[in-house]
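Here is a short report for a reader who is meeting this structure for the first time. Look over the sequence and the model, then read on.

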Amino acid sequence: MLLTITTTLDQATDLGFLLHKHPDRVQRFEQSFGTAHVFYPEADKRRCTAALLLDVDPVKLVRTRGKGTPDFSLGQYVNDRPYAASSLLASAMANVFRTAMRGRCAARPELAESPIPLEIVLPALPCRGGPGQAERFFAPLGWDVSAVPVPLDPEFPEWGDSRYVTLTLTGTTRLADALNQLYVLLPVLDDAKHYWLAPDEVDKLIRAGAGWLAAHPGRGAITRRYLANRRGLVRTALGRLADAEDAPDEELDPVQVEEEPAAESGESEENDGKAVSLAEHRLQAVVQALRDENARRVIDLGCGSGRLLARLLKDDFFSEVSGADVSHRALGHAWRRLRWDDRQRRDGRVGDVFQGALTYADERFGGYEAAVLMEVIEHIDPPRLPAVERVVFGHAAPRVVVVTTPNAEHNVRYEGLAPGAMRHSDHRFEWTRAEFRAWAGRVAEAHGYRVRHVPVGDDDPEVGAPTQMGVFTR
C-alpha cells in the first residue's frame, strides 16, 4: 500500500518537521500486520514528497482478521489487502504520524497551524460507489478530487473497471486536517475494517473528525460506514456530532482547539415521529428559562457558531441578542449563520457578536438582563473557574444567568463512551448532579443570586438527565 504527500510551500523540506520524519532517512515501523516505511522520493526547497509504504505480511494479516470481518473464509487465501489502501493503511498512519495528526510541531508551530499546498496520491484505493463517491466525500472538504478507475485488466478493456481508483487530492489545508480526513475516509471508501469495532471507535471518529465531520453533508453515510453500521455506535456518534457546532472552543488554554469540539448527545422522545436530539432539548430549555424570567436582552457567552443566537433571533420575544466567543473561527461561523438576519440587525435586535475571553472583565459583557453559558464551563480548567465566576456574576452581573453542563452520572448510558471517559477530550471536568449543585450554590451565595435546577433531556430515574441546567436569578 502506498500513500504520497507532496508540498510546494516555501522551504518545502519543512514537511519533514511537520511529519516528524527526517527527509534524509528511510525509517521503518513494525505493525501488527506488517511493516511501514517512510521515505522521501524527492526533497528540495521547491518540492518535497513523503511516502508511506505499508508492506503487509499475509501471515500477520490472517492473525489480525476475525470471523466477523468481510470475506473471512477467502481472506486467508486471496485478498487485496497487501496492495490496496484500506483501514490497514489508516492504522499505520495513526501509528507513524501520530504527532502530526495532532497538529503538533515544536520546531515549526506556526507552520503546523497554517494551511499549506498539498497533493496526496493513493495509487490503489478500494472505492465502493465508484469515483463519484470519492468526489462526494472529499470535495466538500475543499479538495480538488481526481478519482480515476483502475481497469480490471489493461489487456482486456472489455472486462471494464475494477472497484479501485487512483485517487489524487489537491488543495491547501493544514497537514493535520488532511491526515485526519484520510484516517477516517480510507476505511469509509473501502466500507470495511480489518479489526473488530470496540465502543472506543466512536471516540476515534469524533477525535479525527473534529473541525470537519460535523458540518460535512455526508456525515451520516461517513459515520455509518466508519462504524460498520453498528446501530448503537452509529446513533451515539451521530448524536455527539449533532452538538459539534455548538460546543464552545476552549477559551482559556494556550493550545486552542481548531474547531468547536463535538460534545455529548443522545436521542430523546419523538416529536411528530422524529427523534429530538439533546442539542435541541437544550436550546428549548434555555429559551424557556429566559422567557420564564422575562429576560429579553441576552448575551450568549461562549456562543460558538451561533445556534442559540439564531434561535433567539427567530423569537420576537427577545429584543436584543449578542454573542461573545474567544475563537475568531467560531465567530466566523456565527456571522455566516446569521447572514439572513440583516433585518434584525437593522432593527437593533442584534447587539453585537464579538471576540472575548471569559477570564477577563469586559465592559461589553455588561448591560444585559441575562447571560447564557451553554456547555461552556466544562471546557475551563478548574483553577480558572473563579476568574470566570467573578467576570460573569461579579462584574457583568446580569439579573439572570443560565448555565448548562453535562451530567457525568448519565455517561454510563452512552454505548460509545468508555467507562470513566468524558464526553469530549477537551472537557476539563464533568460534574455529577451533586457537584454541580454544590458549585452553583456557592457561586449564588457569594454573588447575591439564588439558583434553581432544571434537568434537560430524558430524566433517567437512576442517573438523571444527560444535561443539567442552573438558572441563577439576582
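Which residue in E4 is the bridge partner of Gly34? The partner is Val56. The model is a predicted one: local features need pLDDT of at least 70, side-chain atom pairs count only at pLDDT 80 or more, and totals for chains, interfaces and linings use all residues. Residues are numbered from 1 along each chain as its sequence is written, and side-chain values use heavy atoms, with hydrogens and water left out.

**Strands and hairpins**

Helices (H or I, at least four residues) and strands (E, at least two) are DSSP runs, numbered from the N terminus. Two strands pair if DSSP finds at least two bridges between them.

| Pair | Residues | Sense | Bridges |
|---|---|---|---|
| E2 and E3 | residues 27-31 and residues 34-43 | antiparallel | 5 bridges |
| E3 and E4 | residues 34-43 and residues 48-56 | antiparallel | 8 bridges |

Between E2 and E3 lie 2 residues, and the two strands form a hairpin. Across this pair, Glu30 stands opposite Thr35. Another hairpin links E3 to E4 through 4 residues.

**Helix H7**

H7 covers residues 131-138. Its buried residues (under 20% relative accessible area; exposed is over 50%, partly exposed in between; 1.4 Å probe, protein chains only) are Gln133, Ala134, Phe137 and Phe138. Seen down the axis of H7, these residues fall within an arc of 115 degrees, so they line one face of the helix. The arc is that of the directions from the helix axis to the C-beta atoms. The buried residues pack against strands E6 (144-151) and E7 (161-173), and against helices H8 (175-190) and H10 (219-226). Contact means heavy atoms within 4.5 Å.

**Nonpolar cores**

A nonpolar core is a set of buried Ala, Val, Leu, Ile, Met, Phe, Trp, Tyr and Cys residues joined through side-chain atoms within 4.5 Å. The largest has 70 residues, and Leu167 and Val184 touch the most other members. H8 gives this core its largest share, 10 residues. Not counting residues up to four places away in sequence, Val184 touches Leu205, Ala208, Trp212, Ile222 and Tyr226. A second, separate core holds 32 residues, including Val286, Leu312, Leu313 and Val402.

**A buried glutamate**

Where is Glu293? Glu293 sits in the loop between helix H12 (278-292) and strand E10 (297-301). Its relative accessibility is 19%, so Glu293 counts as buried. Leaving aside neighbours within four places in sequence, Glu293 is in contact with Arg399, Val400, Arg452, Val471 and Thr473.
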